[in-house]
There are 2 protein chains.
Amino acid sequence: MRTADLDTPAVLVDLDRVERNLRRAQDYADRHGIRLRPHIKTHKLVRFARRQLRLGAVGITCQKLGEAECMAGGGIDDILVTYDLVGPIKLRRLAALHERVRIAVVADGEAVVEGYATTFRDPGRPLEVLVECDTGAGRCGVQTPAEAVALARRIAAAPGLRFGGLMTFQPRARRRETDAWLAEARERLEAAGLPPATVSAGGTPDLLRAAEITTATEYRPGTYIYSDRMQVAWGHGSLEDCALTVLATVVSRPTATRAVLDAGSKVLAADTAPVPGHGHVLEYPEAVITALSEEHAVVDLAACERRPAVGDRVRVIPNHVCVVVNLADRVHLLRGDRVEETVPVDARGRVT
Amino acid sequence: MRTADLDTPAVLVDLDRVERNLRRAQDYADRHGIRLRPHIKTHKLVRFARRQLRLGAVGITCQKLGEAECMAGGGIDDILVTYDLVGPIKLRRLAALHERVRIAVVADGEAVVEGYATTFRDPGRPLEVLVECDTGAGRCGVQTPAEAVALARRIAAAPGLRFGGLMTFQPRARRRETDAWLAEARERLEAAGLPPATVSAGGTPDLLRAAEITTATEYRPGTYIYSDRMQVAWGHGSLEDCALTVLATVVSRPTATRAVLDAGSKVLAADTAPVPGHGHVLEYPEAVITALSEEHAVVDLAACERRPAVGDRVRVIPNHVCVVVNLADRVHLLRGDRVEETVPVDARGRVT
């Protein structure tokens, strides 16, 4: 089967680019002595998690427990869930997963640790907990190195928990500041007799400069497997590295300069990028996707010399690939133009 | 089961509000002699399509053929697909569906009509085709009433097609201009001996003023069943009409003014509204959801007197409910706080 045989819209994954992207990252990590723990939120496929492990990753990262359950079901047995797991339902599920695989989690406050501590009480099989640090991204995380130490003490004092180290999702392109934050936290932890076994940073934009965060022992890139317009705009690689595209059909040419595609925000998602438009049209690089409605993309062709006709097909590099994957029931895996296999997105919609 | 027993994030649908929203629209349509043809893209549930029909709708509207196939599978037998269906795969699927149910489609150009005309050749069972008109929204559609007439002639001349009338998704709050456009097109069609049996307009923002588009015989509202922040900002009803909310847990309180919820853009979607923030937090109306990442919502509590703790649950009215539904594998149907039933979203992801 060729892509021409596929109905549209369809999500295409170029296997050669995937392999190249995975290898580039693993090579970098190996060269710099960084353990790679890829985040599977981008691809949500057991097969690619396995490939990442075979290439040398030490384990995987999941954002939601549901993703971890899915990956564990696929035989992945070393998982870090970089999420505060809160409430009795989540803790029961975590306990069940902890029986099956090596799982570590994070906490950024007393209440979260309290939940873990009351659920896990067996010193013979402790739950590993890392302290999440807000090194400037302004999302979750303890706010200061001193708070990190206080929370590490709380974890270490719980019989069924083990303090695993520090975890941050650092702000983009702030490697030096991140490193200073983490170095201070490590020093204070060492002084407190709680040296962090792992210091984990993440994010694709800084992946190929991760070694500049000298304190980090582990790195968690996610988007790098497919890359997207946002990553390229932020300086990670080029459009030639983008392994995922959306195949779409031109369904309307209402005016000389307007085309409409059959992929809208229910396929491409409404996420914006630091460049204009809602995606990059490979065949018409001067075209601008000016608007998405749910099932249509409106394309401005004013800058294009050649222009497509109704029925023509184009491929679009999305702004943010992680959310595109999470909208797709299945992806088509390609070698060149040949569809090798069409596979369901294993962990699609696993948001709990 | 109560909502307190649900894991989060979870999509909740208030059945009483749904019923009220459906009745209000049907009552309005009945009062003004407008045929209602609800768009199912919002709820994507066979059961609600059936309810809309029982209340008096003349049929349903789908945006994608996949939605129509799903609804036909659920026994719905009068469907308008307001989409240019292009290419051999789509046309084969359309032909199969046309064998099973009463289906009408739209076209806005020669190439689209050509596809229909070569696929459907039986004068005994013609395919009904409406001409899509761009009355100012700038998406699909013929650009002038004269073009509408030319395309109607082309449809009427094809033995296996039947010209069904005009269809527009008009620009919001431009009822008078829309009406002028459609009235001119109708006059010209009548002069050409092709009076339009149906003139179909749509969109929830203008639903309760649809009668001002005097030329329209049919109206296709979608979002009105659940409503959302965007509709309320545009003047359709109030937040009390919003029937769909996302139940989320506070998983982090990193600072005095920041809370983080376990629902991000993979649940709430990144669509923006004409009001600040990524959703309305029912329990903390002064709170602002300042940022979404894939699995987190960052909430600014600065304006809140009371503030939630880790583990507390809140309900969020999303900015754009249609895309939230399309992200959810299932929705929980509520009477008050009781979960009556949890159902899969029948047509979720049916984007082809």
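Select β10 and β11 of chain B: a hairpin joins β10(B) to β11(B) through 2 residues. Strands here are DSSP runs (E, at least two residues), as helices are (H or I, at least four), numbered from the N terminus. The model is predicted: local features need pLDDT of at least 70, side-chain atom pairs count only at pLDDT 80 or more, and totals for chains, interfaces and linings use all residues. Residues are numbered from 1 along each chain as its sequence is written, while chains are lettered from A and ligands numbered from 1 in the order in which they are written.

**Around β10(B)**

β10(B) and β11(B) (residues 258-261) run antiparallel, joined by 3 bridges. Two strands pair if DSSP finds at least two bridges between them. Pick Ser252(B); opposite stands Val260(B) in β11(B).

Next, select residues 313-317 of chain B. This is strand β15, antiparallel to β10(B) and joined to it by 4 bridges. Find Thr249(B) and, opposite, Arg313(B) in β15(B).

Now go to residues 10-14 of chain B, strand β1. β1 pairs with β10(B) over 4 bridges, in the antiparallel sense. Ala10(B) has Leu247(B) as its bridge partner in β10(B).

Color β10(B) by burial. Of its 12 residues, 11 are buried, so the strand is largely enclosed by the rest of the structure. Buried means 20 or more other C-beta atoms within 10 Å of the residue's own; exposed means 12 or fewer, and partly exposed lies in between, with C-beta atoms placed from the backbone.

**The contact with chain A**

Show both chains. The contact takes 50 residues from chain B and 50 residues from chain A. Two residues are in contact if their C-beta atoms, placed from the backbone, lie within 7 Å. On the chain B side, β4 (78-84), α5 (110-119), β10 (244-255) and α9 (321-327) each supply at least two residues. β10(B) gives the most, with 6 residues.

**The open sheet**

In chain B, 8 strands form an open sheet with parallel pairing, in the order β2-β9-β8-β7-β6-β5-β4-β3. β2 (35-36) and β3 (60-62) of chain B stand at the edges with a single partner strand each, so one side of each has no neighbour in the sheet.

Zoom to β2(B). 2 bridges join β2(B) to β9 (residues 218-220) of chain B, and the two run parallel. Arg35(B) has Glu218(B) as its bridge partner in β9(B).

Last stop: helix α6 (residues 145-157) of chain B. α6 packs on the sheet, touching β5 (102-107), β6 (127-132) and β7 (161-167) of chain B. Its direction makes about 155° with that of β7(B). Axes are lines fitted to C-alpha atoms, for helices over the stretch in contact, and angles run from 0 to 180 degrees between N-to-C directions.
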